[in-house]
Amino acid sequence: MLLKKQTVWLLTMLSLVVVLSVYYITSPESRLNEFAATEEDNNKAKGNDAEEAKEAAKDSKGESTVTTTDSEAVFEQMRLDLMEQRDKMKEELVSIQGSKDKTAEEKNEATEKINELQEMTDNEKIMESLIKAENYDDVLVQTADDGTVKVTVKAEELSADAANEIVQLVRKNMDAPNANVAVKIDPK
């Protein structure tokens, strides 16, 4: 009796798979094209909205005013550029790791550099969240190869005391008491 239940269950599942496969194979591809067209239309609409927002940002004299969306876009573009740069570095290091022509020492160095890059990225994200917790709208932390840390803060104003607090926060939490930290303000 048990064998019959298993056989019925198996046949039911197989028939379900066959029916779904036939459905997807015979369904018109226009559904995929409709989805792609819808996505393209949405992207075009977003582009038009951005253009309209830029036009609306012009005052009566025709001069452009600064909008928060532009500032957010600048921060996001800076993050993307940094991420792309580090991804290229990681790709090069991974290719060294997988190369048969490289020595074990070179492969170990590549592994260490990959770990350093990951640790640097993690530290930057932690610092960004800690600084944002100090009531800043957005923060971008970049660590250079020489150990210099660049902090860009989105704020209306940044007093010398606030900048000093950011410097001390970075030095304390990145375990680099003598690190060269540069704080830059990016107005809203």
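Biologist: Which element gives the most to the lining of the largest pocket?
Modeller: Helix H4 does, with six residues. Bear in mind that this is a predicted model.

Biologist: How much space lies in that largest pocket?
Modeller: About 430 Å³. The largest pocket is lined by 18 residues, and the closest to its centre are Glu116, Met120, Thr143, Ala144 and Asp145.

Biologist: Which elements give two or more residues to the lining there?
Modeller: Helix H3 (68-98) and helix H4 (104-132).

Biologist: And how does the lining of the largest pocket split by class?
Modeller: Ten residues are nonpolar, five are charged and three are polar.

Biologist: Moving on. How much space lies in the second largest pocket?
Modeller: About 280 Å³. Its lining has 13 residues.

Biologist: Which of those lie nearest the centre of the second largest pocket?
Modeller: Arg79, Leu82, Met83, Thr121 and Lys125.

Biologist: Which elements give two or more residues to that lining?
Modeller: H3, H4 and strand S1 (138-143). For the second largest pocket, H3 gives the most, with six residues.

Biologist: What about classes in the second largest pocket?
Modeller: Seven charged, four nonpolar and two polar residues make up the lining.

Biologist: Back to the helices, then. Where do H3 and H4 each give the most?
Modeller: H4 gives the most to the lining of the largest pocket, and H3 gives the most to the lining of the second largest pocket.

Key:
Residues are numbered from 1 along each chain as its sequence is written. This is a predicted model: local features need pLDDT of at least 70, side-chain atom pairs count only at pLDDT 80 or more; totals for chains, interfaces and linings use all residues. Side-chain values use heavy atoms; hydrogens and water are left out. On a 1 Å grid over the protein atoms alone, a cavity is a set of points where a 1.4 Å probe fits but cannot get out, and a pocket is an open set with protein on both sides within 12 Å along at least five of seven lines; lining residues have an atom within 4 Å of a point. Grid points are joined across faces, edges and corners, and a volume is the space filled by probe spheres set on the points. Helices (H or I, at least four residues) and strands (E, at least two) are DSSP runs, numbered from the N terminus. Ala, Val, Leu, Ile, Met, Phe, Trp, Tyr, Cys and Pro count as nonpolar, Asp, Glu, Lys and Arg as charged, and the others, Gly among them, as polar.
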